[in-house]
Amino acid sequence: KNGNGRYYSKSLWDREMSKYKELVEQRRAMGELDHPDSQIVNLKNVSHIIKEYWWDGDEVMGKIEILPTPSGQILKELVKSGVTVGVSSRGMGSLKEMNEGTLEVQDDFELLCWDFVSTPSNPGSWMTPLHEGLTKTVSQYSKANEIIREILCAHGNCPIF
């Protein structure tokens, strides 16, 4: 049961994760920054793509690639600044009341994507960035930029602003 009072069966998640595998393989497993009120992943708001995912006990884990889109740049800067962002599934389907305060997600549920949000409904659904990979990439680009600037500006006339 998540923070929204919804209960998802393991068999439902198994089925949806198996179907989602095709989207991952086709590089179509995109998500947005925040949950929109839509059943469609809007390309102009895409921030990331799912590279791979797996089960770790009863938890779904995954790796993402932050895309160089406007929303992706916001996500990248949030992560670089140390902001902890949540991960939340977006899907559609019907609910049935199990007992007071708990709604069971029914078999017509379809997983649409995984979005980044400020407050996920599932406790513990937070992105853990691989800081060393991000830091390594940033420092490699910084070093390359320093070398290019040094070469271009060596004779006192620097065309770089």
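A residue is called buried when its relative accessible area is under 20%, exposed when over 50%, and partly exposed in between, using a 1.4 Å probe and protein chains only. By that rule, Phe109 counts as buried because its relative accessibility is 5%. The model is a predicted one, in which local features need pLDDT of at least 70 and side-chain atom pairs count only at pLDDT 80 or more, while totals for chains, interfaces and linings use all residues. Residues are numbered from 1 along each chain as its sequence is written, and side-chain values use heavy atoms, with hydrogens and water left out.

**The whole chain**

Helices (H or I, at least four residues) and strands (E, at least two) are DSSP runs, numbered from the N terminus. Traced along the sequence, the pattern is β-α-β-β-β-α-β-β-β-β-α. Of the 161 residues in the protein chain, 25% are buried.

**The aromatic cluster**

Select Tyr8, Trp13, Phe109 and Trp114, which ring pairs link into a cluster. Rings of Phe, Tyr and Trp (its six-membered ring) pair if their centres lie within 6.5 Å; planes under 30 degrees apart are stacked, over 60 edge-to-face, and the rest tilted. The structure holds five aromatic pairs.

Begin with Tyr8 and Phe109: the ring centres are 5.5 Å apart and the planes lie at 75 degrees, so this pair is edge-to-face. Tyr8 is in the loop between strand S1 (6-7) and H1, whereas Phe109 is in the loop between S7 and S8, 101 residues apart.

Trp13 belongs to helix H1 and Phe109 to the loop between S7 and S8, so the contact ties together parts 96 residues apart in sequence. Both Trp13 and Phe109 are buried.

**A charge over a ring**

Next, select Lys10 and Trp55. Lys10 lies over the face of Trp55, at 3.8 Å from the ring centre. The criterion is that NZ of Lys or CZ of Arg is within 6 Å of the ring centre and within 35 degrees of the ring normal.

**The three-stranded sheet**

Select S1, S7 and S6, which form an open sheet in that order, with mixed pairing. Two strands pair if DSSP finds at least two bridges between them. S1 and S6 are the edge strands, each pairing on one side only.

How do S1 and S7 pair, and over how many bridges? They pair in the parallel sense, over two bridges. Strand S6 (residues 95-99) and strand S7 (residues 102-105) run antiparallel and are joined by four bridges. Within S7, Glu104 stands opposite Tyr7 and opposite Lys96. S6 and S7 form a hairpin with two residues between them, and Gly101 in the turn has a positive phi of about 90 degrees.

**The second largest pocket**

Finally, select Tyr20, Leu23, Glu110, Leu111 and Leu112, which lie nearest the centre of the second largest pocket among its 13 lining residues. Helix H1 (10-25) and strand S8 (110-117) are the elements that give two or more residues to the lining. H1 supplies the largest share, four residues.

Methods: 1 Å grid on protein atoms, 1.4 Å probe; cavity = no way out; pocket = protein on both sides within 12 Å on 5 of 7 lines; lining within 4 Å.
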